[in-house]
Amino acid sequence: MNPIATPLDSAVIAGVVTHTVDALTPQNLFGFNAPRQTLVGQGAVLKIGSLLQAQAARRVLIVADRAVYERGLLAPALRSLARAAIEVTVFSGVEHEPGAGVVDRGVAMLAQCGADFVLGFGGGSALDAAKAIAVLASCHCDLPALAAADFAGVRSIGLAAVPTTAGTGSEVTDISVIISADGRHKVVAKQAALMPDLAVIDPSLMRELPASITAATGIDALTHAIEAYVASSANPLSRALAISAIQTIARALPVAVGNGGKTEARLCMALAAYKAGLAFSNSGLGLVHAISHQVGARYDIAHGVANGILLPHVMAFNALVCRSEYAAIAAALGVSREGMSERQQCDAGIAAVARLLADIGLPDNLARFGGRAADFTELAAAALEDICIKANPRCVTEADVIQLLQQAMGPPAAPRAAAGC
Ligand SMILES: [Fe+2]
């Protein structure tokens, strides 16, 4: 063997070294994904026809909550689409959090009507179903394939989303949550193809929401913002959006729950849910959502309600590693005072979240929904498999999740007595 490198060998070695250095040099990069176009404001839904026309839509399948359809909330959108001469088929089969069967029926209806565009219209359930229908119909695949890490499908069918609640943020995320065919688990799919092309956010669609739904969806938005702010994969832009959303929700949510007719509070909540949605879609979520997806499916608890039960407990658990972030959250919630230590601010932030939940009348324990200690090992194992666990700032074991579930059987303890602070 010749120990002296030839010129060719040197060039190869230099190429390998350069390639390695170039691969290792970029650090702390972040990207930011959002719909290509978003329209926000009172009456925005009346622009849906011209907006879809500009996207070359000819036939639209509207995927709507049954309640939204029956309450006539689609009427302004239907008028606008008719004026734009766009053909419409309505699928109003979404009654609850969507299951695989609803999505399959939507895909079949889309094939039947030949739609080239899907318009999700309703709460998070309708939007998540619409997003899954558009992608599955484009890619001719099933739900497990959509949720797989190696999914590489490209959506060919247009996709727009119009929320009628201020909470989910689904209109601006690349995530869809669907209940598995056996009804026991929530399948969380996060894929670029699930990001809508267009989001239209109109607070006038939210004026008639009952207080209980305003409360639950608003706490979902708060949970998105808090989890996004402390997420291990947060970036400067997601943090800025998250903290702004927290500040707005603390002020506007009690008013929107107490008097849903207050236009200003509805607009603020719509904006906060929008900002929180952009934040978590780009940063990830955390342990609240990882557990909430399991208990929500098992005990049939509305998503926002389950989040609210878990949020103070998980905040206390995570405080061990994100005390300074919680101090910033306390300031955004308006409970930080001069002279407080960081630890006191952290305590105050967690207490403020628990107080907000009580003020707006949300349940504070799993026991009232039939939570059983016998289920906790299985639920904890499933939570550790949930995609949302990846961005949680504190390492989590199965024993930790079981303990949190046990704690959540009762109301949250005073923050100082809870672990972590
Ligand atoms: Fe959520």
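**Reading a sheet and a pocket**

Guide: Start with the open sheet: six strands in the order E1-E8-E5-E4-E2-E3, paired in parallel. Strands here are DSSP runs of E, at least two residues, and helices are runs of H or I, at least four, numbered from the N terminus. Two strands pair if DSSP finds at least two bridges between them. This is a predicted model, where local features need pLDDT of at least 70, side-chain atom pairs count only at pLDDT 80 or more, and totals for chains, interfaces and linings use all residues. Residues are numbered from 1 along each chain as its sequence is written, and side-chain values use heavy atoms, leaving out hydrogens and water.

Visitor: Which strands stand at the edges?

Guide: E1 (37-40) and E3 (87-94); each has a single partner strand, so one side of each is left without a neighbour in the sheet.

Visitor: How many bridges join E5 to E8?

Guide: Two, between residues 158-163 and residues 198-201. In E8, alanine 199 is the bridge partner of alanine 161.

Visitor: Now, what is a pocket?

Guide: On a 1 Å grid over the protein atoms alone, it's an open set of points where a 1.4 Å probe fits, with protein on both sides within 12 Å along at least five of seven lines; lining residues have an atom within 4 Å of a point. Here 50 residues line the largest pocket, and Glu97, Gly124, Ser125, Thr168 and His303 lie nearest its centre.

Visitor: Which helix gives the largest share of that lining?

Guide: H8, with six residues.

Visitor: Where does the largest pocket lie?

Guide: Domain 1 (37-206) and domain 2 (211-417) both give residues to its lining, so the largest pocket lies between them. Those bounds come from an automatic or database domain assignment.
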